[in-house]
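Me: Here is a model I would like to learn to read. Could you take me through its features, beginning with a pair of helices?

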Amino acid sequence: MLIGVIADDFTGASDIAVTLSKGIAGEGGLKTTLYLTTPEQAASLDVEAGVIALKSRSVPAAEAVALSLAACRWLLAQGCEQIVFKYCSTFDSTADGNIGPVAEALASLLGEKAVPVCPSFPAMGRTVYQGHLFVQDRLLNESGMEHHPLTPMKDADIRRVLKQQSTSTPGFIAWQTVHQGAEALREALNKSAANGDTLTIIDALSDEDLITIAKASADSRLLTGGSGIAMGLPHNFIARGLASGSQSDVPHIDGPEAILVGSCSSTTLRQISEHAKSHPVMMVSVDDVMTGKVNAAQLVDFIQTNQGKSPLVFTSGDKADVIRAQNTYGREQVSSTLDALFGTTAKSLVDSGIRRLVVGGGETSGAVVSALHLGELKIGNEIDTGVPALLSPGEKPLALALKSGNFGSTDFFSKAVTTLQGK
């Protein structure tokens, strides 16, 4: 294993896994495996990149640090030369972390300074300029992320956000330096390290900028960022002759399908609306879930009744509904109850024969794969940017797609169901 990734949620893990798997166009990537928890056994010898998916984005900072360090130690034991801490390209976090505390803990373990911090993902409209995070043409705190029900982002200045979470002030390297190329950026990182900076925020406006960061960080033991920061990393190992470049295979799984959605992002709501034009859709109110009026058995019954029609179940259709429910029942209680609902539903569906499962939302994806105890997944081709087809092998193979709330084209759900079938 050459590269090890610690991802703070499940959709982000699949996102960076496919980034490593495909690498730079025309060159290929690394043979990548996605682990849905830190394994207890050694990895297969043919794995070149290992991605560990943790559900650590919204847990207490101390717990996130402990989980991340354990994952890092396992990856190092597999021979990893480079570690990547992957978080969301919208820098989802709270005032206490978990990005800052985890990044600093990993830097301490690995003895690294001037660790790159770059959530930029231009393909999805996320860019960092002068230390500020943009979503398309909007500052992060004006993009809708300021209303996120779990991790509202009310400041676009990543330097200020990270300083609040960290024990020291982060360094910063502006785009003008990145634009000069890998050598100039490497010199700037060395100066940041000499200055004693543990973490260093780096601007990036394009895929070319991310590839420059990768080249400048070829000898670094630790990087942090969105999945885009991994784009150029396979090249460093291919250029050294340590990897030959690989191509992903798409899982081809026929059989019953289901779509479970727990995200209330505007992108996901548009996708649900599009899907509802020609497929059966069931909306479940958060209040009904919290009061016990709706349970997993009813969701399973709806999906089984509409089998063959790509049935979709989702909770709430409005962020305001979620916020009202959180104010009534408590944020943690709402989150854990919805997670339990989707987890139980997914397990019942798979036990009853579902073989293609599409999940929308990071927290929901985490709940589903945790309930299914899948272990590890093979990486297939991208369905849409940042969303690969995934295969859980075995006697009864299962094809999955785990979609972050803001990812995917308008027709994503029907496209995912078809792609998982190999069509």
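Reply: The crossing of H6 and H7 is right-handed. A crossing is right-handed if the near helix is turned clockwise from the far one by less than a right angle, and left-handed if anticlockwise. Helices (H or I, at least four residues) and strands (E, at least two) are DSSP runs, numbered from the N terminus. The model is predicted: local features need pLDDT of at least 70, side-chain atom pairs count only at pLDDT 80 or more, and totals for chains, interfaces and linings use all residues. Residues are numbered from 1 along each chain as its sequence is written, and side-chain values use heavy atoms, with hydrogens and water left out.

Me: At what angle do H6 and H7 pack, and how far apart are their axes?

Reply: Two packed helices are described by the angle between their axes and the distance between the axes. Axes are lines fitted to C-alpha atoms, for helices over the stretch in contact; angles run from 0 to 180 degrees between N-to-C directions. Here H6 (residues 182-194) and H7 (residues 207-216) pack at about 60 degrees, with axes 8 Å apart. H6 is therefore oblique to H7. The classes are roughly parallel under 35 degrees, roughly antiparallel over 145, roughly perpendicular from 65 to 115, and oblique for the rest.

Me: Which residues make the contact of H6 and H7?

Reply: Contact means heavy atoms within 4.5 Å. H6 contributes Ala182, Leu185 and Arg186, and H7 contributes Thr212, Ile213, Lys215 and Ala216. By class, that contact has four nonpolar, one polar and two charged residues. Ala, Val, Leu, Ile, Met, Phe, Trp, Tyr, Cys and Pro count as nonpolar, Asp, Glu, Lys and Arg as charged, and the others, Gly among them, as polar.

Me: How do H2 and H3 cross?

Reply: The axes of H2 (residues 61-77) and H3 come within 9 Å and cross at roughly 35 degrees. This crossing is right-handed. Residues in the contact include Leu69 and Leu76 of H2 and Leu106 and Leu109 of H3. The contact of H2 with H3 divides into twelve nonpolar, one polar and one charged.

Me: Where is the cis peptide bond?

Reply: It joins glycine 97 and asparagine 98, with omega about 20 degrees. Asparagine 98 lies in the loop between strand S4 (82-86) and helix H3 (99-110). Phenylalanine 91 also lies in the loop between S4 and H3. Its phi is positive, about 55 degrees, although it is not a glycine.

Me: How many cavities of 30 Å³ or more does a search find?

Reply: Rolling a probe the size of a water molecule over the atoms shows where empty space is left. On a 1 Å grid over the protein atoms alone, a cavity is a set of points where a 1.4 Å probe fits but cannot get out; a pocket is an open set with protein on both sides within 12 Å along at least five of seven lines; lining residues have an atom within 4 Å of a point. Grid points are joined across faces, edges and corners, and a volume is the space filled by probe spheres set on the points. The search finds one such cavity. The largest cavity holds about 60 Å³. Its lining includes Asp9, Arg57 and Phe407.

Me: What is the volume of the largest pocket?

Reply: About 940 Å³. The largest pocket is lined by 47 residues. H13 supplies the largest share, five residues.
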